[in-house]
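Take a moment with the sequence and the model below. Then let's walk through them together, one piece at a time.

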Amino acid sequence: METLERILAEHPFLHGLARPHLELIVGCATNVRFNPGQFLFHEGEEADRFYVIRHGKVRVELFTPGRGPITIQTVDDGDILGWSWLLAPYQWHFDAQAVELTRAIALDGECLRTKCERDHDLGYEMLKRFAQIMQQRMDATRLQLLDLYGNSR
Amino acid sequence: MAIAAEKSQPPLHGESLAPALYRVHSIRRETHDSFTLDVRPQNALNTPAFAPGQFNMVYAYGCGEVPISISGDPADHRRFVHTIRAVGAATTALCGLKKNGTLGVRGPFGSHWPVDESAGSDVVVVAGGIGLAPLRPALYRLLAERQRYGRIVLLYGVRTPGDILFPRELKQWRAQFDLEVHVTVDRATSDWQGRVGVVTTLIRKATFDPNNTVAMVCGPEVMMRFTLLELLSRGVPADGVFLSMERNMKCGVGLCGHCQYGPTFICKDGPVYPYTRIASTFATREI
């Protein structure tokens, strides 16, 4: 647990978090590992966790009939994956599959939600940090939608 | 930091307005709509010298003349290399040329990337789509004198894996231990093992010292705006960012006014600008 605490404390996503809050978060954390091709989650399943990717690469994809899986985005070292655990109805909207051997820290969503309900300061901190991730992803998605490089097949 | 984009010696007007005859030595298909032409002067042994970031006015006889960045090695004086995307009549005609086909070339024109001035700094090269073409000569120069620079990082974004320019060179560069190369695509099917996401997302992850970095950026203007925001938020000083602008260039020597950009002409004062020089017009509409 010491190691998890140190890794999480040094991660930019949790940088500056008060120590008691960090300890609450570490209490919901476990180390996980995914082999290439292994799914982290599937669309429609219960979103019961989020991931801090330590090493590796994960693709977030959407299966489309007739075209197969389309990769929306990849996440890799240092990225945060998943916010559906935070918002009802707590279901994944996409699939996530490891492209290569991926090591991550999984944070239990229900455990965190319970602690955030009990301690609203912690809840506000988590919301602020996830809002920033959402903003970055939304900006990136808008740029993708612009099809900037255009005139392509 | 205060590095100014270098300005080249302008050619004499009489010479600069008359195209010289060139022949296609070879043509290589890069993507489904982009080709790289190796062209050599018909009546001279060598091409005029050029600096990374400069462009030529390239004339498809009977069709039209277009500004095309030079994408070859500045140390090679036997040829001009142009990477052209077929988007209009003149560029389609140029891409349709065969070996020994003739074309006209005027140039080189414009300012260039501050390669020499970046000595001692980290250099971050950010390219979007065909924007890698005008940056490739800068990479050749940086790598030719690798020891003069700190970290060199290339961040390249394209639409799909099939749109990646110069894939063989990118693989070679990625294999080098003294160059960090990241490629990302906007969309991909599951057989693509690389990154998916916009090029701006790579800036947060790249390894460089923001306080001692020169950034060279070329791509669609919206991509450059968001790239600039990311670079500034990483702490790169505004005067360390250089952008290559594009407008409707015609004469190439600042006479006709078609490429006026605020108080400057892109063909003469650009295409490479320090961001600080165009900050007041960069995000202004209709300029």
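**A tour of two chains**

Let's start at one residue: B:F166 counts as partly exposed, because it has 19 C-beta neighbours inside 10 Å. Here is the scale behind that word: a residue is buried if 20 or more other C-beta atoms lie within 10 Å of its own, exposed if 12 or fewer, and partly exposed in between, with the C-beta atoms placed from the backbone. B:F166 also has a positive phi of about 50 degrees, although it is not a glycine. You'll find B:F166 in the loop between β8 (152–158) and α4 (167–175) of chain B. Those labels come from DSSP runs, numbered from the N terminus: helices are H or I runs of at least four residues, and strands are E runs of at least two.

Before we go on, a word on what you are looking at. This is a predicted model, in which local features need pLDDT of at least 70, side-chain atom pairs count only at pLDDT 80 or more, and totals for chains, interfaces and linings use all residues. Residues are numbered from 1 along each chain as its sequence is written, while chains are lettered from A and ligands numbered from 1 in the order in which they are written.

Phi of A:Y90 is near 55 degrees, a positive value in a residue other than glycine. A:Y90 sits in the loop between β6 (80–81) and β7 (95–98) of chain A. A:Y90 is partly exposed, because 15 other C-beta atoms lie within 10 Å. Why point these out? Because most residues other than glycine have a negative phi, and most peptide bonds are trans.

The peptide bond from B:G107 to B:P108 is cis, with omega near 5 degrees. Another cis peptide bond joins B:G270 and B:P271, where omega is about 5 degrees. B:P271 lies in the loop between α7 (266–269) and β16 (272–274) of chain B, whereas B:P108 lies in strand β6 of chain B.

So what surrounds β6(B)? Six of its eight residues are buried, so the strand is mostly covered. Strand β1 (residues 20–29) of chain B pairs with β6(B) in the antiparallel sense over four bridges; two strands pair if DSSP finds at least two bridges between them. In that pairing, B:Y22 stands opposite B:L103. β3(B) also runs antiparallel to β6(B), joined by four bridges, and here B:Y59 stands opposite B:G104.

Now zoom out to the whole of chain B. Its secondary structure comes to eight helices and 16 strands. The C-alpha trace spans about 45 × 45 × 40 Å along its principal axes. A compact globule of 287 residues would have a radius of gyration near 19 Å, and chain B agrees, with 18 Å. That radius is taken over C-alpha atoms, and the globule rule is 2.2 Å times the number of residues to the power 0.38. Of the 287 residues of chain B, 47% count as buried.

How is chain B divided? The domain assignment gives domain 1 (13–109) and domain 2 (116–282), with bounds that come from an automatic or database domain assignment. The centres of these two domains, taken over C-alpha atoms, are separated by 22 Å. In chain B, 23 residues of domain 1 are in contact with 19 residues of domain 2, where contact means that the C-beta atoms of two residues, placed from the backbone, lie within 7 Å. On the domain 1 side, β6(B) gives the most, with three residues. By class, that side has eight nonpolar, 11 polar and four charged residues. Ala, Val, Leu, Ile, Met, Phe, Trp, Tyr, Cys and Pro count as nonpolar, Asp, Glu, Lys and Arg as charged, and the others, Gly among them, as polar.

Last stop: where the two chains meet. The contact takes 21 residues from chain A and 26 residues from chain B. The elements of chain A that give two or more residues to its side are β4 (57–64), β5 (68–76) and α4 (120–146). The largest share, seven residues, comes from β5(A). β5(A) is also joined to strand β10 (residues 188–189) of chain B by two bridges, and these strands run antiparallel. There, A:T71 stands opposite B:A188.
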